[in-house]
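Q: I have a chain open here and would like to talk it through. Can we start with the overall fold and then go to details?

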Amino acid sequence: QPPETQPHARAMSHYARGRAFAAKGNVAEARRELAQLTSNRARPELEGVKLEFNQSRDVLAIAEKVLAGWVESAAGRHDAAVAALREAVRLEDGLLYGEPPEWTVPVRQDFGAVLLAAGKTAEAERVFREDLAKFPANGWSLRGLAQAVRRQGRKSQADSVDAQFKRVWSTADVDLTAP
């Protein structure tokens, strides 16, 4: 853990741990990390703290909603997961742009993945397409889009997206099976 004197970094460490626990299906531990993230985000010393372009609390609000979405998804509460990630997208869209972005993983790729898990393939397709409009070579969103389109029975379109994904991912050193 980062030291207490670094509340933003500490909050983000709880976000990362919570994501890991949610991915492993350990909902209780993921919820504890979410509570710690929420607590750290509320610390008075973060009042007015700016990263480069955005307030720390604004970035941590995204972390909180993304983690809440993954925790709810891991718990099988798909409607709550979708609501949390929809709010995270809204918050991310409200950030001031900077390079590199202060929220580095596009929320829409997480949102699309949770929509797929919830069986909402048409909405997942729309969300992945929105992400790809902003980040055309996002392999995670290309992979998710192919899955969403395939699950809707549009095999040739899914094959076309898969081919685009393979071109984009051709130099990667990890396999990507999910968004």
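**Fold and details**

Q: How many helices and strands are in the protein chain?
A: The protein chain has eight helices and zero strands. This is a predicted model.

Q: And what is the order of elements from the N terminus on?
A: Starting at the N terminus, the protein chain reads α-α-α-α-α-α-α-α.

Q: What is the radius of gyration, against what the globule rule gives?
A: The radius of gyration is 17 Å, close to the 16 Å from the globule rule for 179 residues, so the protein chain is as compact as a globular protein of that length. Along the principal axes, its C-alpha atoms fill a box of roughly 55 × 35 × 30 Å.

Q: What percentage of the residues is buried?
A: Of the 179 residues in the protein chain, 44% are buried.

Q: Contacts next. Of those between residues at least 6 apart in sequence, what share joins residues at least 24 apart?
A: That share is 55% in the protein chain.

Q: Let's move to H1. What does helix H1 span?
A: Helix H1 covers residues 7–23, which is 17 residues. From first C-alpha to last, H1 reaches 24 Å, close to the 24 Å expected at 1.5 Å a residue.

Q: Which residues of H1 are buried?
A: Pro 7, His 8, Arg 10, Ala 11, Ser 13, His 14, Tyr 15, Gly 18, Phe 21 and Ala 22 are buried in H1.

Q: What do those buried residues pack against?
A: The buried residues of H1 pack against helix H2 (27–41) and helix H3 (56–74).

Q: Which residue just after H1 takes a positive phi?
A: Gly 25 does, with a phi of about 80 degrees.

Q: Why is Leu 91 classed as partly exposed?
A: Its relative accessible area is 21%, and buried means under 20% while exposed means over 50%, so Leu 91 falls in between.

Q: What does Leu 91 touch, leaving out residues up to four places away in sequence?
A: Leu 91 touches Ala 61, Ile 62 and Lys 65.

Q: And how far is Leu 91 from Asp 131?
A: The C-alpha atoms of Leu 91 and Asp 131 are separated by 15 Å, with the two residues 40 apart along the chain.

Notes:
Residues numbered from 1 in each chain as written. Predicted model: local features only at pLDDT ≥ 70, side-chain atom pairs only at ≥ 80, totals over all residues. Heavy atoms only, no water. Helix = DSSP H or I, 4+ residues; strand = E, 2+ residues; numbered from the N terminus. Rg over C-alpha atoms; globule rule 2.2 N^0.38 Å. Buried < 20%, exposed > 50% of the residue type's maximum accessible area, 1.4 Å probe, protein only. Contact = heavy atoms within 4.5 Å. Expected span 1.5 Å × (residues − 1).
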